[in-house]
Amino acid sequence: MAAGPVRLWVRTEPFLVGALPAPPPARLAPHYLRKAAAYARARADQGCFPRLSWPSWRHLACGKLLLSPDIAWLYFELYRGLRGPSPPLRLRWAEAEAACSSAEELEWERSKLSVDTLQFLLFLYVQQFHNVSLRRSLLGDEWPSPRTKSPCLSEKSGTGNKNWDDQEHLAFVQSHLLDILELLLEPEQLSASSHSSCSSLVSLEAVCALSFLLEGTVSNSGTVRPLHKLALRQPCHGLNGYSKGSRTFSLPKLESWLRSSLTANPLGITVCVSAGKNLVRAQQGGGSTRKAKIACSARVVPGVSPLVMMSHVYKQTVAKSSDTLVGAHVSICRCHDSFIYLLSPLRSVTIEKCRNSTFVLGPVEVSVHVQGCDNVKVIAVCHRLSLSSTKGCTFHTLTPTQPLILSGNQDVSFAPFHTHYPMLEDHMAQVGLATLPNYWDSPMLVCRDSGDTSVFRLLPPSDFYTFVIPFEMEGDTTETPGGLPQEYQEVLKKREQKVQVWQRMVKEAGLSRDQRKQLQAVVEDKFYEWLVQTGNRQQLDSLVPPALGSKQAAG
């Protein structure tokens with residue numbers, strides 16, 4: 001149990017969607033981040049502190065940390081995607097970016113952006129979450145260990161996917177707490193070796209920044225508060241060493257208070273797995289309901305995104321559009337030979353260890369990450385797409401950022417977003433996603449072993465077909481937002497012309513009634529063969545019959 005009246009835990013989001021699932025550059029190690037912190041504080045009058053402008057970060061990242069400009073922007077933009085502006089401001093930024101006609105204009109627009117310096121440094125430190133330790137990797141318990149388990153609902157304890165394992169989040173903070181506090185110290189509170197002493201003081205602004213990682217409650221109250229508001233409570237001052245006069249905390253006391261108050265996240269993934277509400281028991285192929293489960297967080301807390309976890313759906317179509325999904329972090333694990341539609345605005349989606357399945361997602365505010373999947377199709381409007389260890393997968397996306405190709409991918413296909421449902425544009429506005437800019441066709445190779453461009457291709461227009469979402473919903477969207485690229489539109493137009501030629505030829509053939517019946521029977525037989533060969537027969541069979549109402553299926 002946590003000591004004292006305050007109970008603290010590690011926030012889920014900085015690790016779940018903030019930690020890029022790849023080893024960080026060597027120059028983002030804690031030693032270099034402390035140097036970067038000192039550099040930023042010493043240049044407060046140059047756009048480095050308390051807010052770090054994009055030009056200042058680009059200079060620091062490229063000139064001091066030796067990162068490439070693309071990687072520097074990647075981390076800057078990742079943080080903004082996590083802690084960035086409201087949806088209306090995101091749409092305004094998208095409009096400004098789309099209006100840029102040159103790299104110079106784009107750089108000028110980016111120069112207007114800035115981030116909270118201390119929180120951004122913490123975000124960069126969190127990237128160490130996926131740093132591969134040689135010793136631990138030899139023991140087999142460090143990412144990317146092949147023994148890694150998936151965040152599936154059948155597992156009652158913590159998960160093996162580090163981003164979806166709040167026990168790993170807690171262990172990381174506990175193991176690195178002193179390092180984290182030292183990163184936030186003012187230079188005069190550090191020794192010549194850049195370490196703290198027993199007399200070091202932590203500023204209030206540093207504790208405010210630490211609220212990026214920690215939150216909690218007073219006793220068992222239901223109100224979740226950021227760390228700094230809890231730390232400033234009068235009963236805690238004697239424990240955490242806060243001085244009203246200097247507005248600072250004693251580092252040794254603060255560290256001790258944090259360690260004694262940290263506990264498991266009562267709103268986290270482990271609790272969702274063990275005590276979450278079961279939303280639906282998916283009917284499996286062959287009539288079995290074994291294992292299939294969709295569950296969500298048991299508690300709804302203002303300001304905390306709910307968690308939805310789906311696993312072991314097999315040979316089934318699952319469709320849902322509801323308030324439960326709005327703003328949720330979604331995990332989809334070990335779903336095979338299925339069609340899954342989640343038609344609500346979402347916070348993030350992780351798809352892991354799935355095969356031969358299609359996933360149609362509502363607009364995703366932060367990120368879609370696909371890992372360890374074979375032959376899946378993902379259709380989504382999303383702020384960011386990343387993929388690792390995938391094989392034979394196709395991604396139909398509309399995204400304002402470059403898709404990230406991490407390690408271990410084979411035969412990846414990227415294609416334009418090609419579907420719609422009636423509420424799509426309303427949902428896009430809710431999460432701040434526009435139709436432009438759209439970088440679906442400009443993936444970024446991030447990891448060293450992903451540097452071979454042969455791992456991906458752009459889907460040839462000849463292989464492109466539109467996708468129809470087979471559910472009725474209310475709303476105004478009647479076509480694919482933003483339309484299709486010209487070369488893909490031309491292919492669809494030619495196919496439509498062929499259909500018209502065929503229809504005219506049949507009409508002008510002068511067939512008798514019996515001949516028309518014979519022709520219809522042949523066409524239906526051939527269509528049925530195509531349904532079976534392509535697997536579309538399974539999808540049709542698994543859809544809810546119209547008599548029961550497609551609205552119910554989608555709700």
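Reply: The turns below take up a sheet, aromatic rings, nonpolar cores and backbone angles. Please keep in mind that this is a predicted model.

Me: In what order do the 3 strands of the open sheet stand, and is the pairing parallel or antiparallel?

Reply: Strands of a sheet pair through backbone hydrogen bonds, and the pairing may be parallel or antiparallel. Here the order is β1-β5-β6, with antiparallel pairing. Strands β1 (6-10) and β6 (225-226) form the edges, each pairing on one side only. Strand β5 (residues 214-218) is joined to β6 by 2 bridges. The partner of glutamate 215 in β6 is proline 226.

Me: Which helix packs on the sheet, and which strands does this helix touch?

Reply: Helix α13 (residues 251-261) does so, in contact with β1 and β5. The direction of α13 makes about 85° with that of β1.

Me: How many aromatic pairs does the structure hold?

Reply: There are 21 aromatic pairs. In the pair of phenylalanine 120 and phenylalanine 123, the ring centres are 6.0 Å apart and the planes are at 20°, so this pair is stacked. A pair of rings is described by the distance of the centres and the angle of the planes.

Me: Where do phenylalanine 120 and phenylalanine 123 lie?

Reply: Both belong to helix α7 (residues 117-126), 3 residues apart, which is about one turn of the helix. Phenylalanine 120 is buried, because its relative accessibility is 0%, and phenylalanine 123 is buried at 1%. For contrast in geometry, the rings of tyrosine 242 and phenylalanine 249 have centres 4.7 Å apart and planes at 45°, so that pair is tilted. Tyrosine 242 counts as buried at 13% relative accessibility, and phenylalanine 249 is buried at 0%.

Me: Which residues do ring pairs link into a cluster?

Reply: The cluster consists of Trp54, Trp57, Trp73, Phe76, Tyr79, Phe120, Phe123 and Phe212. A ring may also have a charged group over its face, as with lysine 162, which lies 4.7 Å from the ring centre of phenylalanine 129. Likewise, the charged end of arginine 495 sits over the ring of tyrosine 465, 3.8 Å from its centre.

Me: Which residues of the largest nonpolar core touch the most other members?

Reply: They are Trp57, Leu210 and Leu258, in a core of 86 residues. Helix α4 (residues 69-83) supplies the largest share of this core, 9 residues. Leaving aside residues up to four places away in sequence, tryptophan 57 touches Leu52, Leu65, Leu67, Ala72, Phe76, Phe120 and Leu124. A second, separate core has 43 residues, among them Val364, Val368, Cys382 and Phe464.

Me: What is the phi of asparagine 375, and what is that of aspartate 411?

Reply: Phi is near 55° in asparagine 375 and near 50° in aspartate 411. Asparagine 375 lies in the loop between β17 (364-371) and β18 (377-381), and is partly exposed with a relative accessible area of 44%. Aspartate 411 is found in the loop between β21 (404-405) and β22 (412-416).

Key:
Residues numbered from 1 in each chain as written. Predicted model: local features only at pLDDT ≥ 70, side-chain atom pairs only at ≥ 80, totals over all residues. Heavy atoms only, no water. Pairing = 2+ DSSP bridges. Helix = DSSP H or I, 4+ residues; strand = E, 2+ residues; numbered from the N terminus. Contact = heavy atoms within 4.5 Å. Axes fitted to C-alpha atoms, helices over the stretch in contact; angles between N-to-C directions. Phe/Tyr/Trp six-rings, centres within 6.5 Å; stacked < 30°, edge-to-face > 60°. Buried < 20%, exposed > 50% of the residue type's maximum accessible area, 1.4 Å probe, protein only. Lys NZ or Arg CZ within 6 Å of the ring centre and 35° of its normal. Core = buried A, V, L, I, M, F, W, Y, C linked by side-chain atoms within 4.5 Å.
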